[in-house]
Amino acid sequence: MTAPATTDSEYDEIPADPEEGGRAPASRYGVLALAIMLVVGLLLGYAGGLLTPRLTRPGDASVEAGFARDMTTHHAQAVEMSLIAYRSATLPEVRQIAVDIATGQQGEIGAMQTWLREWDLSPTGSKPPMSWMSDGATVKDGLMPGMATPQQMTALRNAQGIEVDRQFLALMYDHHLGGIHMIDAALGATDNAEVLRVANTMKATQQTELNNLRQLQAQAKG
């Protein structure tokens, strides 16, 4: 599985900071800048993965391969939610954290996809998602921990005004909690130095963002 493709249409009419109670559409420059940032983040992730020496090569059913595949899917939804928030959220701080999450996780997607290629593995595996986790059988409706349901994603896309901020912050908070659960499972089951390094970085970043998301939730309550 690969990072979700983006098109110009996804970025149309992205609002700028509120001015006197209203929102004006952002310039096309700002839209293209975010698109470029996502591409650069993805390429940097690929480059980082390629520059890391491979002392071992995990197998198709390994924890490392399962983590890379499933966390790619998990990250892809976070990027999608963040792009929605960047386009439609009301609070500048919410749009900023959305950019930070989207660019950061896009880069991590690049690194994980590079691992799979270097290990000569397919982006998709033969086993069900989460089978690499000890509690993977508890996954409901095929969704990994913290992932938003299709109904929640539709509601976020259709939300307006401050409701976009509130829904995004709530969904992303749960998303990060679920992501950390997956990261902890990988940390407890792998001895691959590169996977350990990236997973620890992911965890530290998401824990910091959880604190920021919580503060923004209080701000969005008005």
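Predicted model: local features only at pLDDT ≥ 70, side-chain atom pairs only at ≥ 80, totals over all residues.
A polar contact of 2.9 Å joins the side chain of Glu194 to the side chain of Arg197.

The largest nonpolar core comprises 25 residues, among which Met81, Val94, Leu156, Phe168, Leu169 and Met172 touch the most other members. Two or more residues are given to this core by each of helix H2 (63-88), helix H3 (92-118), helix H4 (150-158), helix H5 (162-187) and H6, and the greatest contribution, 7 residues, is that of H5. In soluble globular proteins, nonpolar side chains tend to be buried together.

The surroundings of Phe168 were examined with its neighbours within four places in sequence left aside; on that basis, Phe168 is in contact with Met81, Ser82, Ala85, Val94, Ile97, Ala98, Ile101 and Leu156. Of these contacts, Met81, Val94 and Leu156 are also listed with Phe168 among the core residues that touch the most other members.

The largest pocket holds about 240 Å³ of space, and its lining consists of 19 residues, with Gly66, Arg69, Gly125, Lys127 and Pro128 lying nearest the centre. Sorted by class, the lining of this pocket includes 8 nonpolar, 7 polar and 4 charged residues.

Note on methods:
Residues numbered from 1 in each chain as written. Heavy atoms only, no water. 1 Å grid on protein atoms, 1.4 Å probe; cavity = no way out; pocket = protein on both sides within 12 Å on 5 of 7 lines; lining within 4 Å. Points joined across faces, edges and corners; volume = space filled by probe spheres on them. Nonpolar A, V, L, I, M, F, W, Y, C, P; charged D, E, K, R; others polar. Polar contact = N/O pair within 3.5 Å; in protein donor to acceptor, adjacent residues only side chain to side chain. Core = buried A, V, L, I, M, F, W, Y, C linked by side-chain atoms within 4.5 Å. Buried < 20%, exposed > 50% of the residue type's maximum accessible area, 1.4 Å probe, protein only. Helix = DSSP H or I, 4+ residues; strand = E, 2+ residues; numbered from the N terminus. Contact = heavy atoms within 4.5 Å.
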